[in-house]
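I wanted volumes, linings and residue classes, pocket by pocket.

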Amino acid sequence: MSTDPGLRRLALGTLLGAFSGEQAPAWAVDLLAEGMAGHLLFGFNIVERDQLAALTSSLHAARDGVLIAIDEEGGDVTRLAHRSGSPYPGNAALGALGDPAVTRRVYRTIGAELDQLGINLNLAPTVDVNTADDNPIIGTRSFGADPIAVATHTAAAVLGLQGAGVAACAKHFPGHGATLADSHLELPTVDIDAALLHGRELPPFVAAIEAGAKSIMTAHIRVPALTGDAPATFSRAVLVDLLRRDLGFTGVVVTDALEMLGAARYAGGIPAGAVLALAAGADLLCIGADIDEQITNACADEIVAAVRDGRLPADRLEEAVARVADLSAWTRSGDRTDREEPGLGYPAALGAVRIEGSHERGAAPLIVQLESESSIAAGRVPWGLGPHVNGTEQVRIVAEKADPAELLARAGGRPIVIVGRNVHRLAGTRALVEALTATHAVTVVEMGWPSSWRPRGARAFITTWGASHANGRAAAETLGLAA
């Protein structure tokens, strides 16, 4: 059976694709011309500013109204600065700093840079309330553990981005902060009742809506009281009854990447997930990062087939496309009066640093950086004190393989600075740090989400609330080791 071109165009109008490489392949541009909503850019698409501007220009040239999206959260999740680390502190540091005006300025600056580069949709801010210290995917991407404080910074971030003409996308609805699993790899469960959901998880999303957020992203999580066994992305109870009817959101509902196992495994594949998400009330379907022409067309074909066989009402598809078109029109309207504030991120990161105990500047220490895996959301981005210190000796180790005696011998009479991300979660770290504190002055620098654990005998415990380039410089300055 031949495909109705009008129906295929509607199906494409809900898709946010992706492609590999530093230039757009012909198929990616052709699908835009045919009506696809847009593309999401990743670090592998970006080398430097001029190349990125040329890339986005080639995409915009395909058709008026193309959406070009990116995950530019600042902090640990950066695409623009994936080769060096972000010059901005992330949400946890901004939350620790506690000044919503600074949060708004940081996001306004990020938005102005994106706008200048031809990017009009930022899949940020992350507004999850991080109540689980061992959350493997949110952590420092969150403004904090207090719903009201997170809500305040959420509003500031949304206003900052959109004041620069870039649409914000508050994520991950209805709240990913209490999970102990990564939805890239499995379907996490947040088993809470409606009262706790409304009191803890939802206030930041309410604040985002009141601030005028143009889009909200779904979470691939189960909330059994609402979703049963399904992810929120596929739940009308979440996307329609809760988000639209109860909270009054009228903007675009964007899915988290449908290739993530929290969605794809439940749905039986990405194309099937596209239909389930649309039927549940989503409007713009983020397909994922590892995407090609075949997968993109398969999603469009499945949507068309679902309309024909009755799984997806045609008016639901038309509604989704109309909302995406309204978002596109907004990105092309308004004055671009807000501009970047170069250097803003570094003093903000320094102001967020917290010191417990007594760190006395004196003899140059031995810096020991603990290797750790990057989250899938962040990817591999440089972090640590490496480029920021004044020649002080640094070593990188895997904590569980390290010999404390060798480190003590190497340090000699010098104090030791241990630098890590989510230090309490790294295998072997607690034993290693406490072995070193038995004979040496030790300072621990936590560049991830801190837990209640503090090493026995440590002289000081320093929290940076993130591992961006700005956070690393702030740590070096706090230690008195800055170049």
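I looked up the second largest pocket and noted a volume of about 510 Å³. The model is a predicted one, and I read each volume below as a computed value.

I then listed the lining of the second largest pocket, which comes to 28 residues. Nearest the centre of this pocket I found Glu373, Ser374, Ser375, Asn422 and Arg425. Sorted by class, the lining of the second largest pocket gave me 12 nonpolar, 11 polar and 5 charged residues.

Next I went to the largest pocket. I noted about 590 Å³ for its volume. Its lining holds 35 residues, and I wrote down the ones nearest the centre: Phe42, Arg79, His184, Ile376 and Ala377. For the largest pocket I recorded a lining of 18 nonpolar, 9 polar and 8 charged residues.

How many cavities of 30 Å³ or more does the structure hold? I found 1. For the largest cavity I noted a volume of about 40 Å³.

I also wrote out what lines the largest cavity. The list has Glu73, Gly74, Gly75, Asp76 and Val77, then Gly90 and Asn91, and finally Thr140 and Arg141. By class I have 1 nonpolar, 5 polar and 3 charged residues for this cavity lining. Val77 is the nonpolar one, and I assigned Glu73, Asp76 and Arg141 to the charged class.

Notes. Residues are numbered from 1 along each chain as its sequence is written. This is a predicted model: local features need pLDDT of at least 70, side-chain atom pairs count only at pLDDT 80 or more; totals for chains, interfaces and linings use all residues. Side-chain values use heavy atoms; hydrogens and water are left out. On a 1 Å grid over the protein atoms alone, a cavity is a set of points where a 1.4 Å probe fits but cannot get out, and a pocket is an open set with protein on both sides within 12 Å along at least five of seven lines; lining residues have an atom within 4 Å of a point. Grid points are joined across faces, edges and corners, and a volume is the space filled by probe spheres set on the points.
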